[in-house]
Amino acid sequence: MLTIATLKKGQRATILEFSVDVVPLKLLEMGCLPGNEVELVQIAPFQDPLYLNINGSHLAIRKETAEKIEVKLI
């Protein structure tokens, strides 16, 4: 299973699915929804958090949350 946490810097993917229970509501409001495109912009020095570009919005999410969001490479 490919997740946001397994992406390499600069890779782009499409969000497939995730359990709404594990993703904070704020991420959903910022566009972290199935079908949207995500790009891994940068990884913090200790591998957490991950900086993403989702539909033009830049956000940082915890690695444990990123591991629960399934994606498909573009």
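**Entry 1: overall fold**

Helices (H or I, at least four residues) and strands (E, at least two) are DSSP runs, numbered from the N terminus. With that in hand, I read the order of elements from the N terminus on as β-α-β-β-β-α-β. The radius of gyration of the protein is 11 Å, close to the 11 Å that the globule rule gives for 74 residues, so the protein is as compact as a globular protein of that length. For that check, the radius is taken over C-alpha atoms, and the globule rule is 2.2 Å times the number of residues to the power 0.38. My tally of elements is two helices and five strands.

A note on ground rules before I go on. I am working from a predicted model, where local features need pLDDT of at least 70 and side-chain atom pairs count only at pLDDT 80 or more, while totals for chains, interfaces and linings use all residues. Residues are numbered from 1 along each chain as its sequence is written, and side-chain values use heavy atoms, with hydrogens and water left out.

**Entry 2: whole-protein numbers**

I looked up the extent of the C-alpha trace, and along its principal axes it spans about 30 × 25 × 25 Å. Buried residues (under 20% relative accessible area; exposed is over 50%, partly exposed in between; 1.4 Å probe, protein chains only) make up 35% of the 74 residues.

Next I turned to contacts, meaning heavy atoms within 4.5 Å. Of the contacts with a separation of 6 or more, 57% are accounted for by residues 24 or more positions apart.

The protein exposes about 4500 Å², and carbon and sulfur atoms supply 52% of that area. These areas come from the Shrake-Rupley method with a 1.4 Å probe; for residues, only the protein chains shown count as cover.

I also looked at charge: there are 8 positive and 9 negative side chains, and the centres of the two sets lie 6 Å apart. Lys and Arg count as positive, Asp and Glu as negative, and His and the chain ends are not counted. Each charge is placed at NZ of Lys, CZ of Arg, CG of Asp or CD of Glu.

**Entry 3: the loop between β2 and β3**

Where does P49 lie? I found P49 in the loop between β2 (37-43) and β3 (50-54). The peptide bond from D48 to P49 is cis, with omega near 5°.

Q47 is found in the loop between β2 and β3 too. Its phi is near 70°, a positive value in a residue other than glycine. Q47 is partly exposed, at a relative accessible area of 40%.

I moved on to N53, which lies in strand β3. The side chain of N53 reaches the backbone nitrogen of G56 at 3.0 Å. Setting aside neighbours within four places in sequence, N53 is in contact with E37, V38, E39, V41 and H58. For N53 and V38, I noted 15 residues of separation in sequence and 5.7 Å in space, C-alpha to C-alpha.

N55 sits in the loop between β3 and β4 (57-61). N55 has a positive phi of about 50° although it is not a glycine, and its relative accessible area of 49% makes it partly exposed.

**Entry 4: A60 in β4**

A60 lies in strand β4. Is A60 buried or partly exposed? At 44% relative accessibility, A60 counts as partly exposed. Leaving aside neighbours within four places in sequence, A60 is in contact with P49, L50 and Y51. I also checked A60 against L40: the two are 20 residues apart along the chain, with C-alpha atoms separated by 9.9 Å.

**Entry 5: T3**

My last stop was T3, in the segment before β1 (12-17). T3 counts as buried, at 4% relative accessibility. Which residues does T3 touch, not counting those up to four places away in sequence? I listed A66, E67, I69, E70 and V71. T3 and I54 are 51 residues apart in sequence and 14 Å apart in space, C-alpha to C-alpha.

How values were computed: Polar contact = N/O pair within 3.5 Å; in protein donor to acceptor, adjacent residues only side chain to side chain.
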